[in-house]
Structure formats: structure tokens, C-alpha cells
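This briefing concerns the structure shown below. Please consult the sequence and the coordinates alongside the points that follow.

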Amino acid sequence: MKLGSRALLLILQNAPYLLFIVLLVVFGLMSDRFLALANFRNIIIQAAPIAILAIGMTFVLLTAQIDLSVGGSMYLTASVLALYLTGIPWPIGLAAVLVLAGAIGAVNGFVVTRFGIASFIVTLATLFILRGIAMYLSNTRTLMFEDQILTLNRATVLGIPSAIFAFLVVFAIAWVVLHQTPFGRQVYAVGGDPEAARKAGLPVSRIVFACFVIAGLCAGIGGFVSITQIGAVGPKYGDQIEFAAIAAAVLGGVSLFGGRGSVSGTVFGAILIKSVQNGLNIINADPYIYPLVTAAIIFLAVAIDGLRTRIIERLERRTIRPLAAE
Amino acid sequence: MADGTMPLLEVEGLRKSFFGVTVLHDVGFSVKPGEALGLVGENGSGKSTSMNILGGVHQPDAGEMRLDGKPYAPADPKAAIAAGVAFIHQELNLFQNLSIAENLFVDAFPRRGGLLPLIDRKAISARTEAVLKEVDLHMKPSTEVARLSQGERQLVEIAKALSRNARLIIFDEPTTSLTRPEVERLFAIIERLKQRGIAIIYISHALEDVMATCETITVLRDGHLAGAGAAKDLSLQQIIAMMVGRSIDTIYPQRSGTTGTEVAFSVSGLTQPGVAENIGFDIKAGEIVGLAGLMGSGRSELARMIFGLDSFRSGRIEIGGKPLSEPTPVKAMEAGIAFLTEDRRGEGLLMDFTIAENTVLASLRDVAGAFGILDGGKIAKVSLEMASAMRLSTDKVGEVKVKHLSGGNQQKVVIGKWLRRQPKLFILDEPTRGIDVGAKQEVYRIINGLVERGSAVLLISSEIEELIGLSDRILTISRGEITGSFDRRPFDREAIMTAAAGLTARLEAAL
């Protein structure tokens, strides 16, 4: 039984990769444009905003919390940029966006850690508050951005398209923070066993708070990259994107129960989701089928996570007598 | 170590009470560097409390502790660790999703020089490798703890203690989930720790292990010092005699009526790898069968499997002559099994609900009227009946919330709610834990009434006196196996204790 569980676990842990292969084969057979190199470059550019968002989400998920407000944060920061920060160089605009997005993350983190309210509730509330403020400020009009921001989309850094460059920088920083700094390892510790973390004297609240700030910052960056691609924001901007970000992380192996997963998996999950949408687009699928497919992917991701966690728990269950040799 | 060495740790006159109940009376002991002290006693004898005081978890009410001749009074676990006292709990405190090295340094990672706060991986690897060598664990420091066996995880805990320069290491039941080769390996490591001048306090129910590992032994009973001496001067029988004492309680009420002949409940071949091995027994109608086992022996797990809370691989359960296959709590209840869990706060009662609401919870269908809507009048009637049958302290069953009742009265509500169903088998797991003597007697009276009406009872208790006082028959369980069956009159207390500790065969050879 234990051996069977291990084999099943191996399959579940590699499910996204298997899914990706199936995807390549299916869309590849249906259209020869899908497997073209240029299309892959497109997929990654399209995936960049959601990947950045999902990287921030990974920090929060690792501590067994959740942040549903990132879409609202994107919409509000973009609206503020379009309404009040015109005529100044874009790097200053970006800095202002980051300050605002980071502050939103700090509010989430403060309420969650200080008052011990479930993050699901807190961030659901901030999601509606943020969207509400943005709609109020913009009178629900569609807001346009200046040319200096729109041209960023066509810019390249070291020959790399700007969106991909931004995404690579965020990914590299996140990877180093999670794997090479004391803070990153303590994030894993807190998510893996909060009680033991407290006993070991780790500043659990501070760590969880910091993760919400990071998720906020990533929402700001991801939102900015997305603006350069779209050029205008309306009331539907960033709507339900938090679920795509969570799905990307969970598909990539981040557990909703905390402590397991990594940003490399998350990035892969984001690319997987965008590939599906891109493939549907290329084969001219009915647009109404998109949400159904996305929903199916989210369901699959969460189901895999639940099953995976159950198996891990079973494998790690305490025994009171030695198991017979396997 | 030669005589005359200063003790590393001295404890004198330790006293502690919780909520007015004194659990430690003038307990004292000492350990020298390079020696091991074995601390033994039944559950509830005060071992854990003493160790929690040493580890900084609790503060003593009175008494003095000295480490290296200097006063030692840790305010919290961190202070204990800083003073060089490491506590290796039965439930290991490791992060399974981190590597061995990360577990050792998680609260204080050494950093590389430079502006960025990066972990010095080389340094933690090297230091981890060094301490792993000391505990004979040949694993890469980067190995994830989830991949290690129980025995290996324990060695990681020891390595953690060493990496913090511990001078005194407390082991709490270190061998319960280890295989024999792992146990031997652990003992070899403990010997090596002693040679390095580290003092050890070793708590275990496995008395043979204690005698083999420790230089001195201290026995506690009911929070009192029951005896102490050099291990080489003590025999196993002497230690057991000190542990169980000779006091005979008279609080157990007489029972009228006799045990029936009809088998009410039987289980055979119950097996779940790592938890239970081929467990089989039966209980007659009107019979109380006691289950004696140490903590972690599998006694509660057995009850949970019978009631369908945990799964098992194979085995057959019969209740009232009918098989109960693949039990779930719902099926078990329908078949006539009632289960009083050991954790009544966590599992047995809804604390924020009233007595009445709790009473009818296990028999909601009986108090429902037309269309399945609950009948308030019936609920009130049923719970009032329960309150008077149980001699509850209040009759305001619809108003008083369960959390406002005393422990004894809470226990009566839990039992009362199950009695409504007239169970064929009542499993009682620690029915009198944490309640005072008066309430205990009430509970005993209720249990007796239950069997007089023909129920079968499986009684699990850490208190051997209680088992002896109530049971018609006592089974002993150790490491998930039934190790003995004892009939009433006279119960041989020491033999039961011995069998519960899993010692029978070897003890007989020694006698």
C-alpha cells in the first residue's frame, strides 16, 4: 500500500508536466501554428503578468494563507496611474504603483496577523473595497495610458522582450529569497508546521505579514506589465485574475495547505494555463468555452493538491509499532 | 564517572499543582555529567510535569533547581535551550519539508558576508555534517526530513541538541516507534554522548531499556518520590513494586448481577500495519473488559478502529452476532456501539451548546417530530431525564452551556448522551481523566448501571487501580498487540503492569 501511494504521489507531483505534454500533442495535431517557436515566445509574453502575480501568491500560499485581493490591487493601482500620474517619467509612475501595491499588501497582512481573521475573508473584503474605490475614481470609464507606457511593450532588454525580462527578474529574485535566505526557509517552516515554528521561536506573524507585502508588490509589477500590453483599463480589468494566479501556483505544485511548492513550479503552472488559452485561440474555439476550460484546470489543480496532501499525510502518519520491512 | 563528581543538575523539593490539584510533591533527583538517570513511573506519576519544568514549559510552585551549582529557573523553552538543556519529545519537533541542515539552524541561520542576507550554505552543511557524524547518521545535510525514518529523525533531533551545545539531554519515550536495530543504535549514541560528558535523563516505560542504559533510577508514583537508587542495585521486580505501590482504593462500588453468557461483541484478526497486529477478543453482555496499555501502546487506536474513525487493513468485528464490515462512526452507532473519547473537550462535547443540545446530539432522530423537525418538548423531556439519571448538578438543561459545567459533570453529559441509545457495546476511553474522586465514583456507578442493564463495556484507562476495581477481565496491549489476558480475583497487579509494558516473556525468564 505504501509503495502504491508513493507511485501515485510521483504521478500527482508530475501531473502538470504530463498535462503539458498532452496539451502539446493535442493542440499540435489540431494546428501546426501552435508548435511554432514564435508562438511560444507569445505564450510566455502573455503569461508574464499572471506568472508574476502567481509568484507573489506562492509566498502567501506557502504560509498556508491566501490572497484574493491581487486583481483589485491591479485595477486600483492602474487607475491611479492613468488618472493622477500622467506626464511624469514612467519609472516614477512604476515606483508609485509599487508603493501603493505594497501598502495594500501590508494592510492585508496586518489585519490577518494582528486580528487573526482568516485571510480568505480579509482579502475577499479588500478585493471588493479596492475594485470599488477604482470604479469610483474612474467613474467606471475605460482609462487610456500614455504612449511612453504603451511603447514599453515593444521594448527589449538585452534582446529580451520587456515583459519576459520583468518576469525573469521577479522570478530570479523570488527564487533566491525563498531558497537562499533565512527568511525564505522560515516561510517554508511556518507553512509546514506553524506550531513547531512558534516553539522554535520564529517570528511567525512577521513572516506571514511580509508574505502579504510581497504578494502586493508582485500584484503591482504584474499589473504594470499587463498595462503595457493592453494599453487601457476598464471595470473588467484584473477581474478574477486571482483565481488564475492561485491555479497557476497550485498546478505548479504549491500546496494550499502550506509549506510545499516552489516558484519554478508556479511559473510552469502559469505558462501551462496560458498555453491552454493560446491553443484554444489558435484552433478558433468558441470563446464561451474558455471559462469552462479554465475552471476545469482550477478544479484539477485543487483536486490534485488535495489528493497529494492526503497521500503525504498518510505516508507520514505516526506509527506505534515498527512497520514490517518493505 | 568516579564518585565525588559534582552533579550537573540537582533538583530538590519540586512542587507543582494545577487548578488546586497537586501533581508533584517534593520531588528531587540529580544527574552527574556523563551519566544517565532513568525516570520511571506510571502515567500521571509526575514524570512529564517534572520534565516540563526542567524544559522551561512550566514554572514550579516550590523547589530548587541547580545547573552546575548555579540556580537554574528557565522562564521558557528558549531559556532552557540557552542554558544547555535539550528536550527530545516523543512527538518530534522537526519541519518535514525542510532539509536536515535547515532544521538544525532554522531559528538562527548563519549568513554569508556581504550586503545580501544569504544563508551560508557551506557553513551549515559543514556543521551539520560534523554533528551528523557524531550521531552516526550518514546522510547528506541537504536531505529532506520527510524522507527519513522515525529512527533517523530522532538522530536528527539529537544532532540538533548537539549543535546547540547541550549539556543535558532529556529523552521522553524515545523508543516507542523505533525498530529494535534502531533502538540498539540509539543506545550506542547515548553511550557516546555520556562519554562526551553529557548528562542524560531517560524517561521510558520500557524498564529493561532503562536498566540497561541508566546508571541511576528514580521512580515516581502519584507525584511522590517512590524510590531511587543505582540501577545495578535494583531489580525489575523492585522497580515495578515501587511504581504500582500497595495502596488499595475502596472507591469502587459493588456491582449486582452477573455477567451473561452471550457474546455481545467480538473482534478477530484486526490488523493495521504500524498500529495493530492480529488483535482478537470478545466481550459478553454485562461484562466489563479492561484494556491496560501504556500511552502509545495502541489502546486508543484500537478503540478508534472499532468505532470506524480509523481504517484497518484486515480483521472482523461482530456486534450482537452480526458482522460490522468496514465500520464508519454512523454504521457503528447504528449497530449499537457507543464511544466515549479520551478527549471530551475536543471530540465528545460541543462546549458552546447547552446541556440539552448536547444530550440529544447522538439521538436526534428520536426527538424529531413530524417532517423530521426537532420537537422542543421532547428534547427538554429527554435531557431532563438524563440530568436526573446522571445526577447532574443543574436541571437548567436548556440554558446552561456545557462549558460552564465542571469536568465531572461534563463527563456525565457525554455518557448520558450515549446512554440514550442503550448501546450494546460502550467503549470508554479514560472516562475519569481529570475529574475529582467524588465525580469518579459517580461515573463508576453509572458504568455499573450500564452493565447491569446488559451492555458490554470496553474500559480503557491509564490507572491500573481503576481497571482492577471495575473490570471482570483485563487485557493488556503493547505495541499494538494483545500481550495478556487476566481474570478477576485476584488480579495480579504486577503481572498486568509487566504485560502492559510488553515484558512478559523476558521477565519470566529473569524470574
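The model is predicted: local features need pLDDT of at least 70 and side-chain atom pairs count only at pLDDT 80 or more, while totals for chains, interfaces and linings use all residues. Residues are numbered from 1 along each chain as its sequence is written, and chains are lettered from A and ligands numbered from 1 in the order in which they are written. Helices (H or I, at least four residues) and strands (E, at least two) are DSSP runs, numbered from the N terminus.

*Length and burial*

- Helix 5 of chain B comprises 14 residues (150-163), which at 1.5 Å a residue should span 20 Å, and its end C-alpha atoms agree, being 20 Å apart; the expected span is 1.5 Å times one less than the number of residues.
- Of the 14 residues of helix 5 of chain B, 11 are buried, where buried denotes 20 or more other C-beta atoms within 10 Å of a residue's own, exposed 12 or fewer, and partly exposed the range in between, with C-beta atoms placed from the backbone.
- The buried residues of helix 5 of chain B include R153(B), L155(B), E157(B) and K160(B).
- After helix 5 of chain B comes N165(B), with a positive phi near 55 degrees.

*Packing of helix 5 against helix 6 in chain B*

- The axes of helix 5 and helix 6 of chain B come within 10 Å and cross at roughly 15 degrees; axes are lines fitted to C-alpha atoms, for helices over the stretch in contact, and angles run from 0 to 180 degrees between N-to-C directions.
- Helix 5 of chain B is therefore roughly parallel to helix 6 of chain B, since angles under 35 degrees count as roughly parallel, over 145 as roughly antiparallel, 65 to 115 as roughly perpendicular and the rest as oblique.
- G151(B), Q154(B), L155(B) and I158(B) of helix 5 meet E182(B), R185(B), L186(B) and I189(B) of helix 6, contact being defined by C-beta atoms, placed from the backbone, within 7 Å.
- This contact of helix 5 with helix 6 of chain B has 4 nonpolar, 2 polar and 2 charged residues; Ala, Val, Leu, Ile, Met, Phe, Trp, Tyr, Cys and Pro count as nonpolar, Asp, Glu, Lys and Arg as charged, and the others, Gly among them, as polar.

*Packing of helix 3 against helix 13 in chain A*

- Helix 3 (residues 37-62) and helix 13 (residues 263-282) of chain A pack at an angle of about 135 degrees, with axes 7 Å apart.
- Helix 3 and helix 13 of chain A are therefore oblique to each other.
- The residues of this contact between helix 3 and helix 13 of chain A divide into 11 nonpolar, 8 polar and 1 charged.

*Contact between the chains*

- Chain B contributes 29 residues to the contact and chain A contributes 24.
- The side of chain B that touches chain A has 12 nonpolar, 11 polar and 6 charged residues.

*Loop residues*

- T140(A), which is not a glycine, has a positive phi of about 55 degrees and lies in the loop between helix 6 (119-138) and strand 1 (143-144) of chain A.
- T140(A) is exposed, with 10 other C-beta atoms within 10 Å.
- R479(B), also not a glycine, has a positive phi of about 50 degrees and is buried, with 21 other C-beta atoms within 10 Å.

Terms used
Contact = placed C-beta atoms within 7 Å.
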